[in-house]
Amino acid sequence: MNKAQKKVLVTGGAGFIGSHVVRRMVNKYPEYQIINLDKLTYAGNLSNLKDIENKANYTFVRGDITDAIFIDKLFEEYLFDGVIHLAAESHVDRSISNPLEFVQTNVLGTVNLLNAARKLWKFQSEQGKTNFRFYHISTDEVYGSLGAEGLFTEDTPYDPHSPYSASKASSDHFVRAYYDTYKLPTIISNCSNNYGSYHFPEKLIPLAINNIKNMKPIPVYGKGENVRDWLFVEDHAAAIDLIFHQGKIGDTYNIGGNNEWKNIELIHLLCKIMDNKLHRTEGTSASLITFVKDRAGHDLRYAIDSSKLQKELNWKPSLQFEEGLEKTVTWYLDNEEWLNNVTSGAYMEYYNEQYVRR
Ligand code: NAD
Ligand code: DAU
């Protein structure tokens with residue numbers, strides 16, 4: 001995609017990763033018009049984008065990707081030059097209690113976007129315009145679970161285990177099917193676990209930070225032996241920017257931190273950082289660790305081989321984990337109001353009144 005192209009749709013831009021992508025694109029590409037489409041579910045929050053909300057090249061539209069008529073109209077109105085699709089239900093535990101919502105947003109919502117993109121791309125091709133691309137953001141969870149050894153590569157067969165990962169795998173298959181069948185210019189990336197600011201405190205790291213801060217138990221599933229590969233969210237946003245502009249159409253890119261941690265070891269590191277920051281006696285936060293019933297179908301280990309992205313597009317993670325985690329803890333401690341408002345649902349109530357869904 002070259003600089004002459006202007007209108008970029010980012011879906012799910014009010015969420016955790018999406019807000020970092022929107023912020024980066026709005027600040028870095030003043031010549032682009034960035035349209036952030038988000039339903040503002042419990043996970044999406046416009047206070048995540050306060051610093052850029054008044055920028056001339058930023059537009060927010062509240063809407064639901066499961067509504068095909070609305071999506072078609074939006075594409076006709078804006079005639080996008082590209083799409084970065086992040087909107088999704090993203091929490092594994094919620095997918096276990098309510099799988100259908102994940103099918104609706106992650107599968108049906110993605111297919112609605114693909115259909116609208118296909119019509120627009122066909123129209124643009126007839127006008128001689130050929131730069132359109134549909135970039136789908138996915139997860140390493142589609143590859144299933146690793147044993148003690150090995151890494152997920154772009155060729156690892158899909159083997160999802162949770163309703164969340166099954167819905168993401170299904171959406172990836174649809175994206176590839178639209179490339180194979182209709183030649184719609186698509187790209188997919190599959191990333192490992194992100195951490196950083198604006199992460200909703202239902203996921204392990206922000207939940208643990210919030211609980212440690214409030215001297216509440218830190219729930220660790222099973223024995224805490226499960227391994228995740230953690231990547232700083234701004235490094236993911238940088239990879240998305242790079243792949244959107246330079247990725248090869250039809251290709252898949254794995255993104256990961258080369259940074260594996262057993263949950264229990266990560267929690268101990270976090271406790272140490274928090275004791276230090278909160279001037280608590282060493283061991284105070286760790287005393288909150290509570291082993292609880294394991295997650296059903298809990299994948300043992302995820303680890304990403306991101307060498308393709310590193311070699312072909314020259315991307316690499318910018319931060320060491322300890323540094324990133326410390327930055328993250330500092331952000332949460334400095335942003336108490338944000339944390340209180342997302343956990344109480346106050347932001348949700350406020351934005352529900354401010355923004356009517358189209
Ligand atoms: P998130 O839950 O923080 O944000 C999702 C956003 O999508 C929210 O703003 C929400 O309001 C919006 N949304 C949900 N349903 C919608 C609908 N029907 N219509 C329009 N908007 C809707 O998620 P996240 O962690 O930022 O993840 C973003 C994407 O990245 C997802 O596709 C996820 O699968 C993928 N991903 C996440 C991670 C991670 O570690 N968080 C890692 C790899 C891939
Ligand atoms: O791998 C990428 C995926 O990472 C993304 O696709 C998902 O959207 C994202 O939510 C994340 O999924 P995980 O299930 O790995 O993240 P979560 O933070 O929920 O859990 C991380 C690990 O910590 C996992 O092994 C489960 C465990 N856990 C989680 C919670 C919420 C606990 O032990 N206790 C908890 O309270």
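The lining of the largest pocket divides into seven nonpolar, six polar and one charged residue. In that count Ala, Val, Leu, Ile, Met, Phe, Trp, Tyr, Cys and Pro are nonpolar, Asp, Glu, Lys and Arg are charged, and the others, Gly among them, are polar.

Before I go on, the ground rules. This is a predicted model, in which local features need pLDDT of at least 70, side-chain atom pairs count only at pLDDT 80 or more, and totals for chains, interfaces and linings use all residues. Residues are numbered from 1 along each chain as its sequence is written, chains are lettered from A and ligands numbered from 1 in the order in which they are written, and side-chain values use heavy atoms, with hydrogens and water left out.

Back to the pocket. Its volume is about 200 Å³. The lining has 14 residues, and Gly257, Asn259, Pro317, Leu319 and Gln320 are the closest to the centre. Strand E9, residues 227-232, gives the most to this lining, with three residues.

The search used a 1 Å grid over the protein atoms alone: a cavity is a set of points where a 1.4 Å probe fits but cannot get out, a pocket is an open set with protein on both sides within 12 Å along at least five of seven lines, and lining residues have an atom within 4 Å of a point. Grid points are joined across faces, edges and corners, and a volume is the space filled by probe spheres set on the points.

How many cavities of 30 Å³ or more are there? The count is four. The second largest cavity has a volume of about 60 Å³, and its lining includes Glu141, His161, Arg228, Arg295 and Asp299. That lining divides into three nonpolar, four polar and four charged residues.

Now the ligand. Ligand 1 is surrounded by 28 residues, the closest being Ile17, Asp38, Ser90, Tyr164 and Lys168; a residue counts if one of its heavy atoms lies within 4 Å. This shell divides into twelve nonpolar, twelve polar and four charged residues. Strand E5 gives the largest share, three residues. Helices (H or I, at least four residues) and strands (E, at least two) are DSSP runs, numbered from the N terminus.

A polar backbone atom of asparagine 194 is 2.9 Å from an oxygen atom of ligand 1. For leucine 40, a polar backbone atom is 3.5 Å from an oxygen atom of ligand 1. Threonine 105 places a polar side-chain atom 3.2 Å from a nitrogen atom of ligand 1.

Technical notes: A polar contact is a pair of N or O atoms within 3.5 Å; within protein, one must be able to donate a hydrogen and the other to accept it, and residues adjacent in sequence count only if both atoms are side-chain atoms.
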